[in-house]
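Please work through the exercises below with the sequence and the model open beside you. Each task is followed by a solution that goes step by step.

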Amino acid sequence: TAGKPIECKAMVARAAKQPLSLETITVDPPKAGEVRVKVIANALCHTDIYTLDGLDPEGLFPSILGHEAGCIVESVGEGVTSVKPGDHVIPCYTPQCCSAQCIFCQSPKTNLCPAIRASQGKGLMPDGTTRFKDADGKPIYHFMGCSTMSEYTVLAEISCAKIDESAPLDRACLFGCGVSTGLGAVWNTCKVEVNSSVAVFGLGAVGLAVIQGAKMAGASKIIAVDINPKKFEAAKKMGATDTVDSTKLDKPVQQHIAGELTQWGVDYSFDCTGNVQVMRAALECAHRGWGESCVIGVAASGHEISTRPFQLVTGRVWKGTAFGGFKSRRDVPLLVNRYMSGQLPIDHYVTHEFDGVQGTNDAIDALHSGDCLRAVVKY
Ligand code: NAD
Ligand code: AHE
Ligand code: ZN
């Protein structure tokens, strides 16, 4: 098939708030610096649903969503040297170009390589065109540089993290977004220390990965907050020491945490909801003098955060993270190795499994149900 278009099945997002449409599409061969992959498994992240719901200012239709996947390289374009057909890769929406001229890749302070960010945000490959066509020959947009709700997709070489071939792709896919993000927010963005206190708002896969990362970092108090009490059992299993149903309180949750559960607030707090009121509560329950609050959740278009500047004057720090600060091509293979050696269990995030790319709408329903952490679709 190398060098030729491939016809395959894909779930196309035709319009906001509509179910995905199962279609036969054409995937063009990879151009220079690109890689065409067969998607083996794709997990659903809340961000896919957020974009499908029309809440993403960069959301485009028609497009192929999906960005948490395990893939096998089918063919490579001109000049590609870091992967070859048959290699197992995790697509990474935050690429790593590694160029000596890239001040972001060269800096230890960030993972935000901007090499292809502009075209990625427009749903296009770096040359400004798309590799997907529908049955009428009309173009379909890419998404987050991944578009993994298709049996085949095309990625930039700099978005491909090559991993151990013995890792099961229907589990390793989780390192493509949510689990890595939660762990990295704790380890890289906040550098949580032994004996710290932590509050986590939102107990989906991202929030639970924050708990897992905090427990591994030696945090001694981990407060888990959600509005869905069904989430508390998993949170406790992961290491939460306290659970809070914020709908049951007679005062703002930040006052309950800084006042009742702790004297002055927590050393570190994390928003894993995308709700700007929750982001404020997370900042305001951080410890006077030094507490740090990290925004992980993605807020809907037009929503903005606010607090009294006094919260910052009195020593709280507001920060955020993308992909947990991991430099993707360097770090994802290492996370997979830790998983394979048994030091970083992640199987418990997979609560639902479906077969065939057409199972993606069922996976979306599962993530809406409130019982789901990650729904993995095996193609
Ligand atoms: P999810 O839908 O599985 O989980 C969200 C959780 O938040 C649910 O348990 C829900 O009950 C809870 N919640 C909702 N409103 C709440 C409230 N007011 N107070 C407390 N809890 C509340 O989502 P996920 O896949 O775990 O993703 C979480 C967020 O992180 C999303 O906004 C997603 O877009 C974002 N995200 C960001 C990055 C990044 O790099 N920054 C990466 C992955 C996901
Ligand atoms: N496109 C949106 C923002 C979406 C967003 O913030 N995405 C997160 C990743 S969510 C993964 O599930 C992110 O890391 N963004 C950094 C980046 O470069 O996109 C908007 O507001 O336009
Ligand atoms: Zn995601």
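**Exercise 1. How many of the 10 residues of strand S3 are buried, and which strands pair with S3?**

Of the 10 residues of strand S3 (residues 34–43), 8 are buried, so this strand is largely enclosed by the rest of the structure. Here buried stands for 20 or more other C-beta atoms within 10 Å of a residue's own, exposed for 12 or fewer, and partly exposed for what lies in between, with C-beta atoms placed from the backbone. Strands (E, at least two residues) and helices (H or I, at least four) are DSSP runs numbered from the N terminus, and two strands pair if DSSP finds at least two bridges between them.

This is a predicted model, in which local features need pLDDT of at least 70 and side-chain atom pairs count only at pLDDT 80 or more, whereas totals for chains, interfaces and linings use all residues. Residues are numbered from 1 along each chain as its sequence is written, while chains are lettered from A and ligands numbered from 1 in the order in which they are written.

Now take the partners in turn:

- Strand S4 (residues 69–76) is joined antiparallel to S3 by 7 bridges, and Asn 42 has Ala 69 as its bridge partner there.
- Strand S8 (residues 152–156) is joined antiparallel to S3 by 5 bridges, with Leu 155 as the partner of Val 35.

**Exercise 2. In what order do the 4 strands of the open sheet stand, and which strands are at the edges?**

The order is S1-S2-S6-S7, with antiparallel pairing. Strand S1 (6–12) and strand S7 (139–140) stand at the edges with a single partner strand each, so one side of each has no neighbour in the sheet. Within the sheet, strand S2 (residues 21–27) is joined to strand S6 (residues 132–133) by 2 bridges, and Thr 26 stands opposite Lys 133 in S6.

**Exercise 3. Are Lys 17 and Ser 147 buried or exposed?**

Begin with Lys 17, in the loop between S1 and S2, which has a positive phi of about 65° although it is not a glycine. Lys 17 counts as exposed because it has 8 C-beta neighbours inside 10 Å.

With 29 C-beta neighbours inside 10 Å, Ser 147 counts as buried.

**Exercise 4. What span should helix H11 have at 1.5 Å a residue, and which of its residues are buried?**

The expected span is 1.5 Å times one less than the number of residues, so the 13 residues of H11 (residues 328–340) should span 18 Å, which agrees with end C-alpha atoms 18 Å apart. The buried residues of H11 include Ser 328, Pro 333, Leu 335 and Tyr 339. Among the elements that cover them are strand S5 (88–91) and helix H5 (178–189), where contact requires C-beta atoms, placed from the backbone, within 7 Å. Just after H11, Gly 342 takes a positive phi of about 90°.

**Exercise 5. Where does the cis peptide bond lie?**

The cis peptide bond joins Phe 61 and Pro 62, with omega about -5°. Pro 62 belongs to the loop between helix H1 (46–52) and S4.

Methods: Two residues are in contact if their C-beta atoms, placed from the backbone, lie within 7 Å.
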